[in-house]
Every structure is written in C-alpha cells, then in structure tokens.
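Here is a short note for anyone opening this structure for the first time. Please keep the sequence and the 3D view beside you as you read.

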Amino acid sequence: MNLDIRTEEKEDYNLLHVSGEVDAYTASQLRESLLPLTEKEGASVIVDLSNVDYIDSTGLGIFIGALKSSNHYNGTLRLVGLNARVKRLFSITGLDEVMDIEEEEEAQ
Amino acid sequence: MDKEVLDHVEMKIPARAEYVGVARLTISGIASRSGYSYDDIEDLKIAVAEACTNVVDHAYDEGGYMGLFCDLYQDKIEIVVSDRGQSFHLEDIKKEVGPIDSAKPIEDLKEGGLGLFLIDSLMDKVEINGETGVAIVMTKFLQRDGREQDANGVPAPTNAQK
C-alpha cells in the first residue's frame, strides 16, 4: 500500500510517473507532487499512470483539482497509461468526458 | 425468506486513512475465497474503501473506530461499514452525489461527492442508515450474470459452495 512518485522534467512539459495505489492515505502525496506542477502559466503536465493498479474517488478528486488548477493557469493536463480498471472508474464517473486521458496500449 | 448466512466476519479498526487499505485488503481476501471474479473483487475493494473513507473524513473530530461486517450467503455478500461518530450530514452528502457533469465549466467541477456515487455504481444494492452514527449496507451478488451453467441450465457450484 505504497505510492511512488517521480517527476521528470522534459523540454516543454513535466512528466509525473506514479506507481502504486492511490487511496485516502496516499492521495495527499499525489496532490503535493502534482498540484505545484500545474500552477505555472501555460504549464504542460503529463501523468503516467501505467503502474497504478488501484485508485478510488480520493485519487479522482486530486485529478479534478489538478485539472481546475491547470485550466486556471491556461495549461494542459493529460493522463496516460490507464489500465482497464482505472479507465473504468473515469468512465463511470464521467471524468473521461472532461479530462484528456489515454489508455494503456495493449501488451503485444 | 433470507437464505442462511454461511459465514460472518467482522473487524473494528481505527478510523484513520492508513487503515482504509487494511479494510480493502481484508475484503479482497474474503471475496476471493468466496469465489468472486477478479473484476468483482476490484469493485468490492473500491466500494469498501469509499465507505471507510467517508467515515475517516466525516465521522469523528478526534480519533474513533469503524466497523466492517461481512455476511456471506450462498449467492451474495453483504457488507456493512459503520461508525459511531457524529452522523455526517447525510442529506447534504446525498445531494452532492453524482457523476461529473461535462456540460459544466471546469472551474465548477466538484472534487468530492464521487465516493457514494461509485459505491452505488459498483454494488448491486446499497442502503444508508444514519441516526446516531452512519452505516452503509452494501450487497454484491456472486457471479450474477457470468456464472457458467451446466446442460440443464443449473448454475455451476461456486468455490464457496464446493
């Protein structure tokens, strides 16, 4: 029940690698890493969730907060590598309609 | 008539965020040995975590405990997550429950309110009782649609029944 977060600075965007489980306990860690990245004018942030195997509404709430912040600063936020389970939660809640998300590519 | 309860499991854990994962893993173990599919187990884990997170966030000003009770039936699991804390304003919370409305501007999106909505979506039956405390009663049927049937149309026995 751990969450590991690593930020990678690319030329014109920040890439946040998240791995583990996002729940009530670990969500604050995600917020602290993600939110500041969105709080710059025009910032572009990509969150890689391919190693996240569990997420619940506390995690979804963090992404909504980050989307609002990103929107406020005219930036972009994109979530990539969602596995089928994680993607399903975004669909059930309708978040896939408002967020830029991309599913994990099928393993060959 | 309610069918017989095959097994009952209960535990009392501190109402703190670091214990939500403990409840989640516990339900995963129980559901797994009852024969639930991988996807159903994942649904149960999220539903229990959401219910516990509600207790952690709303029930107590200072430390308290939450109860997790599971009744296992032949064809379903009934899970109760309860607190003895102050009843959080149930009506207010219910009002906020719902999916994301994509017609709304992004700055108006709410960061909360998805928890109960998810429980409702992932479980087959959900009841909330709140007077002195709050109890969320959640039921999920065992392989309701996907169970293999034999030549006579009788569902194959599940692991729990073998």
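1. A definition to start with: angles under 35 degrees count as roughly parallel, over 145 as roughly antiparallel, 65 to 115 as roughly perpendicular and the rest as oblique. Axes are lines fitted to C-alpha atoms, for helices over the stretch in contact, and angles run from 0 to 180 degrees between N-to-C directions. Helices (H or I, at least four residues) and strands (E, at least two) are DSSP runs, numbered from the N terminus.

2. What you see is a predicted model, in which local features need pLDDT of at least 70 and side-chain atom pairs count only at pLDDT 80 or more, while totals for chains, interfaces and linings use all residues. Residues are numbered from 1 along each chain as its sequence is written, and chains are lettered from A and ligands numbered from 1 in the order in which they are written.

3. Now to the helix pair in chain B. α1(B) and α2 (residues 38–58) of chain B pack with their axes 8 Å apart, at an angle of about 150 degrees. The two helices, α1(B) and α2(B), are therefore roughly antiparallel to each other. The residues that α1(B) brings to this contact include B:V20, B:I27 and B:A31, and those of α2(B) include B:L44, B:V48 and B:C52. Contact here requires C-beta atoms, placed from the backbone, to lie within 7 Å. By class, the contact of α1(B) with α2(B) has 11 nonpolar, three polar and three charged residues. In this scheme Ala, Val, Leu, Ile, Met, Phe, Trp, Tyr, Cys and Pro count as nonpolar, Asp, Glu, Lys and Arg as charged, and the others, Gly among them, as polar.

4. Stepping back, chain B has four helices and five strands, in the sequence pattern β-α-α-β-β-α-α-β-β. Of its 162 residues, 31% are buried, that is, with 20 or more other C-beta atoms (placed from the backbone) within 10 Å of their own.

5. The strands of chain B form an open sheet with antiparallel pairing, in the order β1-β2-β3-β5-β4. Strands pair if DSSP finds at least two bridges between them. At the edges are β1 (7–14) and β4 (125–130) of chain B, each pairing on one side only. Neighbouring strands are turned by 15 degrees against each other on average, direction ignored. β4(B) runs antiparallel to β5 (residues 134–141) of chain B, with six bridges joining them; B:V126 has B:M138 as its bridge partner in β5(B). Helix α1 (residues 17–33) of chain B packs on this sheet and touches β1, β2 (65–72) and β3 (76–83) of chain B.

6. β4 (residues 76–82) of chain A pairs with β5(A) in the parallel sense over four bridges, and A:V80 has A:E102 as its bridge partner in β5(A).

7. Lastly, look where the chains meet: 22 residues of chain A are in contact with 23 residues of chain B. α2(A) gives the largest share of chain A's side, 10 residues. That side of chain A has nine nonpolar, eight polar and five charged residues.

Technical notes: Buried ≥ 20, exposed ≤ 12 C-beta atoms within 10 Å, placed from the backbone. Contact = placed C-beta atoms within 7 Å.
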